[in-house]
Amino acid sequence: MVSGKMISLAFDTTAASCSVILSEDKRILYKSENLMEFGQSEFLLPEIDKALRQNGIGFTAVDNLFVCVGPGSFTGVRSGISAARVFKLASEKLNIGGVSAFEAYKKTFAEEDIAELNAIIIETRRDDFYVQIFDKHLQPLSEPDAKPREEIITSLKGKLVSLSGDGVERFLSSPSGLCLHAIKMYDCLPAENLLSAGEEMLKEKKLNFPKPLYLRAAEVSMPKSR
C-alpha cells in the first residue's frame, strides 16, 4: 500500500487512443497507451481501476487528477471530462485540472529541440490539422485552431521550425519547403507529458477545472426524410 506520498493520475481519451498514467511523487507507477479508433470511454474506467489495484491504491488516496480536454473527437473529449468530474464528486480533496493536448505536446520539446518557431500539429482525421505555434521561449504566438496544411506552412515559412504531435507524420507526407530543426512524431499524446504538464500547472497555480477545448462544430447527420 502506497501512503504518505503525492499521488497523481492522468488520462487521455481525446484521440485514437486511451492513455492512463499513475505516479507517486513523480515516480511512474503505471502507464498504458492503447491505440484504438473507438471504445475509449468503455476502456478508460477498467484501466484506471487496474492501475490503482496493481499498486494497492484506493481512489480516495489520489491527490491530483489531470485530464486532456482536447482538441480531439467530441465523444472522446466528453468522455474524459465527464469521468474526471465524477471522480471529483467522489473525492472532495482531489485536485482536478484540464490540460490541453497543445500544453502536453509542448512538453515533448527538449531544450535542444527548440527552434525559432515551434508548432504543435495534431491529427484531425480530416483535410486540416489542429495547430498552435510557440516562440523560442515556448510562449504561444497563436491561438489553438484548425487550419489547412498550406495555411500552416505559410505561417512557418522562412523560419527555423520544430514540429511535434500526432499529426506531424501526415503533415510531412509531402514536401513542405520548411526549414526543419526537430521533428517529433507520435502515434498518440505521450502520457508522461500530459502528467508533467498537469503537475506544472498545479505547481504554478494555473490548474483550471476541466472544460472541453472544441475548435470546430460537431459533425451531425440530418435525419433522412421519409
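## Ground rules

A polar contact here is a pair of N or O atoms within 3.5 Å; within protein, one of them must be able to donate a hydrogen and the other to accept it, and residues adjacent in sequence count only if both atoms are side-chain atoms. One such case is lysine 106, whose side chain reaches the backbone oxygen of leucine 138 at 3.2 Å.

This is a predicted model, with local features needing pLDDT of at least 70 and side-chain atom pairs counting only at pLDDT 80 or more, while totals for chains, interfaces and linings use all residues. Residues are numbered from 1 along each chain as its sequence is written, and side-chain values use heavy atoms, with hydrogens and water left out.

## The chain as a whole

You're looking at 6 helices and 10 strands, taken as DSSP runs numbered from the N terminus (helices are H or I with at least four residues, strands are E with at least two). The C-alpha trace spans about 60 × 55 × 25 Å along its principal axes. For 226 residues, a compact globule would have a radius of gyration near 17 Å, and the chain's 18 Å agrees with that. That radius is taken over C-alpha atoms, and the globule rule is 2.2 Å times the number of residues to the power 0.38.

Among contacts (heavy atoms within 4.5 Å) with a separation of 6 or more, 61% come from residues 24 or more positions apart.

Leaving out residues up to four places away in sequence, lysine 106 touches Ile120, Phe134 and Leu138.

Alanine 119, in strand S6 (residues 117-123), is buried with a relative accessible area of 0%. Valine 168 is 49 residues from alanine 119 in sequence, and their C-alpha atoms are 9.5 Å apart. Aspartate 12 belongs to strand S1 (residues 7-12) and is buried too, at 2% relative accessibility. Its side chain makes a polar contact with the side chain of threonine 14 at 2.7 Å. Beyond four places in sequence, aspartate 12 touches Ser17, Cys18, Ser19, Cys68, Leu189 and Leu194.

Most residues other than glycine have a negative phi, and most peptide bonds are trans. The bond from glycine 70 to proline 71, though, is cis, with omega near 5°. Proline 71 is placed in the loop between strand S4 (64-68) and helix H2 (74-90).

Two lysines go positive in phi. Lysine 26 has a phi of about 70° and is found in the loop between strand S2 (17-24) and strand S3 (27-35); with a relative accessible area of 63%, lysine 26 is exposed. Lysine 205 has phi near 60°, lies in the segment after helix H6 (191-203), and counts as exposed at 77% relative accessibility.

Conventions:
Buried means under 20% relative accessible area, exposed over 50%, partly exposed in between (1.4 Å probe, protein chains only).
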